Amino acid sequence: MGMTMVEKILAKATGQAAVKAGDVVEPRIDLAMSHENGALVINQFAEIYKNTGLEAKVWDPSRIAIIFDHRVPAESSKTATNQKKIRDFLIRQGIRKFHDIRGDEGGICHQILPEYGYVRPGTVLVGTDSHTTSHGALGAFAFGIGATEMASVWALGHGLNVEVPGTIKVTVKGKFPPFVLPKDLILFLIGKISAEGANFKVIEFHGPAIRDMSTSGRLVLCNMSVEAGATSGIVPPDAETVRYLREEAGVQDKLDLFGPDADAAYDQVIEVDVSTLAPQIACPHKVDNVKSVDQVTGVKVNQIVVGSCTNGRLDDIAIVASVLKGRKVAKGTRLLVFPASTRIFRKALQKGYIADLMEAGAVVMNSGCGPCLGVHQGALADGDFALATTNRNFKGRMGNPNAEVYLCSPAVAAASALTGVISDPRTLPPLRLESEKPKAARKGQAGAPKRVVKKAVKRVAKKPAVKRVKKVTKKPAKKPAKKVVKKSVKKATKRPFKKQVKKPSKKPLKKPSLKTPKRRK
Amino acid sequence: MAKVIIKLGADISTDIIYPGRFMATVLPTETPQYCFADMSEFNRQLKAKEIPAGSVIVADKNFGCGSSREQAASCIKGWELKVIAKDFARIFMQNAINLGLDMVICPAIEASEGDEVEIVGGKVRNLASGKEFDIVALPKARQAIIDAGGLIPYTRKKILEKRG
């Protein structure tokens with residue numbers, strides 16, 4: 001019997017010809033990542049060496065990476081002191097893969113690692129963060145561990161008593177419809193298999209829709225695999241992996257590219273056809289409480305958050321910027337955008353996305369994790385409803401147990417920012433109206449986004465409206481917001497964006513857009 | 001014999017056990033004050049020392065899902081509570097084993113707040129109902145760590161063997 005992707009990686013990492021699910025192994029670790037919780041790792045690391053008479057030295061400083069992202073710049077003296085303690089430790093130990101609070105090379109750890117070429121296919125990567133699963137997007141076996149376990153890795157350079165996980169094979173077919181994104185696929189999957197459906201297992205992604213997907217999209221899938229309980233998500237490396245590593249991450253050295261054996265043994269096989277997939281929403285307070293967008297359309301949202309290690313990349317920001325360009329965020333709704341890394345932030349600046357977002361009313365924040373887990377900025381009020389492209393909606397997740405968090409794709413976030421209520425991006429008006437489209441832009445753009453979008457509108461309009469959630473439990477604070485709520489709840493799917501269609505056509509944009517809505521390939 | 005002090009549902013996340021906003025506090029000696037901080041009454045009882053050591057938290061499936069924050073295990077361990085759950089999320093379970101938190105996997109557990117339970121011969125016995133429920137052993141791969149009294153002493157032993 002052949003080996004799955006993770007079995008092959010663990011065989012390689014232990015120098016064995018083969019391992020199988022259930023075996024207990026001690027794989028060497030290729031990269032060990034921590035963020036501010038490195039402060040606890042340092043503490044536990046010192047504990048290990050206590051009374052041994054040995055000097056506490058990490059096994060290999062070149063294999064340790066530290067990225068400050070959770071509370072940057074520090075929100076309290078306590079955090080600042082932890083960060084200082086880590087900096088001092090790094091210098092003493094000679095650890096160079098360090099990303100401090102900087103505009104040139106800072107960002108969220110799960111963006112920095114791929115971006116700087118620290119992740120390689122076929123390697124074993126551990127991180128003191130549950131979303132370390134992200135790096136499976138580049139064909140690594142990457143999983144989250146606690147701080148004490150990391151201290152042990154720092155000391156020994158290998159994992160202790162790791163049980164080789166079984167694998168769930170997910171084959172994804174079809175082409176993503178307009179405004180349906182990898183986030184919708186992973187939310188759909190989590191809803192299907194539940195928050196613990198993949199506990200102690202790896203999810204291996206296959207199929208034409210994965211082959212056609214950019215690394216950015218694959219990072220979304222692997223990132224949120226942990227929300228189904230998975231030890232890791234993994235995409236067997238292919239031409240796109242190589243392209244990303246060479247062109248975007250600047251990796252020069254030889255890559256060890258391999259996939260699973262054709263006759264590998266899987267615990268479970270799941271097939272998904274994305275061509276019929278609708279945008280998905282994870283409703284409070286569990287990530288597996290997933291509904292199709294039309295079941296929650298109309299819920300008023302006070303705050304929309306776009307960013308995080310899940311959906312804070314350039315293509316995510318491009319979608320939101322292209323929808324909001326020349327329009328306004330609904331009054332009574334706050335839109336916060338935080339790019340996943342400062343490199344992405346700078347690219348978004350160059351492309352004009354940041355200006356488009358700010359002119360629309362968005363608040364653009366520095367790269368970091370802050371609002372996603374309620375540790376730094378963007379806290380919610382009692383009774384607030386939030387819609388976020390982040391990864392968790394547990395009670396209290398965004399800093400207030402008396403608030404409700406919905407999770408969605410950047411496309412849903414953008415559409416909802418315009419209306420102030422959860423909205424279906426497929427019912428958006430054409431993104432670029434004829435009047436505002438310069439001839440030069442039309443020329444070389446075979447994608448004809450306008451046509452595609454129109455089609456989508458028609459198709460959706462024909463569908464009978466499924467159950468509408470009319471749960472607008474709160475008294476909307478301001479009148480204009482109230483109007484919007486009523487309208488879109490009453491009118492159901494037909495043309496909830498009618499108002500927005502008219503506005504821009506009456507007042508043609510000053511700056512004609514050259515951009516097509518960015519779609520993942 | 002110990003008393004069930006609280007009964008919780010499924011998918012109790014680390015955000016419930018140890019809210020993210022207290023994550024700057026890392027030391028096991030300091031984390032217990034924020035244990036279940038958003039369940040204010042339970043947190044108050046803990047801090048007022050109204051809950052004796054050895055008391056039991058009973059939970060449904062997937063206890064400790066979410067973040068890898070070790071504070072979620074260390075804050076419960078700090079109050080010396082035992083957790084009996086139908087099952088645990090992977091990272092939480094490993095953190096708990098590494099720190100030596102008293103935990104029991106009991107897929108069929110039935111107990112209410114106030115019930116007295118005891119663990120006898122691989123079973124949880126609920127003295128209030130008289131029923132017994134099978135315990136599932138912790139992953140055997142981790143038994144050596146449990147036997148050593150946690151991951152720190154276990155790793156220390158490994159290092160000394162290596163250099164020895």
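# Briefing: a predicted model with chains A and B

Of the 164 residues that make up chain B, 47% count as buried. This structure is a predicted model. In chain A, one open sheet has 5 strands in the order E4-E3-E2-E5-E6, and another open sheet has 4 strands in the order E10-E9-E8-E11. Chain A also touches chain B, in a contact that takes 47 residues from chain A and 39 residues from chain B.

## Chain B as a whole

- The secondary structure of chain B consists of 6 helices and 7 strands.
- Read from the N terminus, the elements of chain B follow the order β-α-α-β-α-β-α-β-β-β-β-α-α.
- The radius of gyration of chain B is 16 Å, which agrees with the value near 15 Å that a compact globule of 164 residues would have.
- Along the principal axes, the C-alpha atoms of chain B fill a box of roughly 55 × 40 × 25 Å.
- When contacts in chain B are taken between residues at least 6 apart in sequence, 62% of them join residues at least 24 apart.

## The five-stranded sheet of chain A

- The pairing in the open sheet E4-E3-E2-E5-E6 of chain A is parallel.
- The edge strands of this sheet are E4 and E6 (141-144) of chain A, each of which pairs on one side only.
- From one strand to the next, the twist of this sheet averages 15 degrees.
- Helix H5 of chain A lies across E2, E3 and E5 (124-127) of that chain, and H5(A) runs at about 140 degrees to E2(A).

- Strand E3 of chain A covers residues 64-67. A:Ile64 and A:Ile66 point one way from this strand, while A:Ala65 and A:Ile67 point the other way. All four of these residues are buried.
- Strand E2 (residues 31-34) of chain A runs parallel to E3(A), and 3 bridges join the two strands.
- Two residue pairs illustrate this pairing: A:Ser34 stands opposite A:Ile66 in E3(A), and A:Met33 has A:Ala65 as its bridge partner in E3(A).
- Between E2(A) and E3(A), the chain passes through helix H2 (residues 38-49) of chain A, in a β-α-β crossover that is right-handed.
- E3(A) also pairs in the parallel sense with strand E4 (residues 97-99) of chain A, over 3 bridges. A:Ile66 stands opposite A:Phe98 in E4(A).
- A right-handed β-α-β unit is made by E3(A), helix H3 (residues 77-93) of chain A and E4(A).

## The four-stranded sheet of chain A

- The open sheet E10-E9-E8-E11 of chain A likewise has parallel pairing.
- Its edge strands are E10 (232-234) and E11 (268-273) of chain A, and each pairs on one side only.
- The twist of this sheet averages 20 degrees from one strand to the next.
- Strand E9 (residues 201-206) of chain A pairs with E10(A) in the parallel sense over 3 bridges. Across this pairing, A:Glu204 stands opposite A:Ile234 in E10(A).

## Strand E8 of chain A and its neighbours

- E8(A) runs parallel to E9(A), to which 6 bridges join it. A:Thr171 stands opposite A:His206 in E9(A).
- Together with helix H6 (residues 182-193) of chain A, strands E8(A) and E9(A) make a right-handed β-α-β unit.
- E8(A) is also joined by 6 bridges to E11(A), again with the strands running parallel. The bridge partner of A:Ile168 in E11(A) is A:Gln268.

## The contact between chains A and B

- Chain A gives 47 residues to the contact, and chain B gives 39 residues.
- On the side of chain A that touches chain B, the elements that give two or more residues are H2, H3 and H5 (147-156) of chain A.
- By class, this side of chain A has 15 nonpolar, 21 polar and 11 charged residues.

Technical notes. Residues are numbered from 1 along each chain as its sequence is written. Chains are lettered from A and ligands numbered from 1 in the order in which they are written. This is a predicted model: local features need pLDDT of at least 70, side-chain atom pairs count only at pLDDT 80 or more; totals for chains, interfaces and linings use all residues. A residue is buried if 20 or more other C-beta atoms lie within 10 Å of its own, exposed if 12 or fewer, and partly exposed in between; C-beta atoms are placed from the backbone. Two strands pair if DSSP finds at least two bridges between them. A crossover is right-handed if, with the strands pointing away from the viewer, the path from the first strand over the helix to the second runs clockwise. Axes are lines fitted to C-alpha atoms, for helices over the stretch in contact, and angles run from 0 to 180 degrees between N-to-C directions. Two residues are in contact if their C-beta atoms, placed from the backbone, lie within 7 Å. Ala, Val, Leu, Ile, Met, Phe, Trp, Tyr, Cys and Pro count as nonpolar, Asp, Glu, Lys and Arg as charged, and the others, Gly among them, as polar. The radius of gyration is taken over C-alpha atoms; the globule rule is 2.2 Å times the number of residues to the power 0.38.
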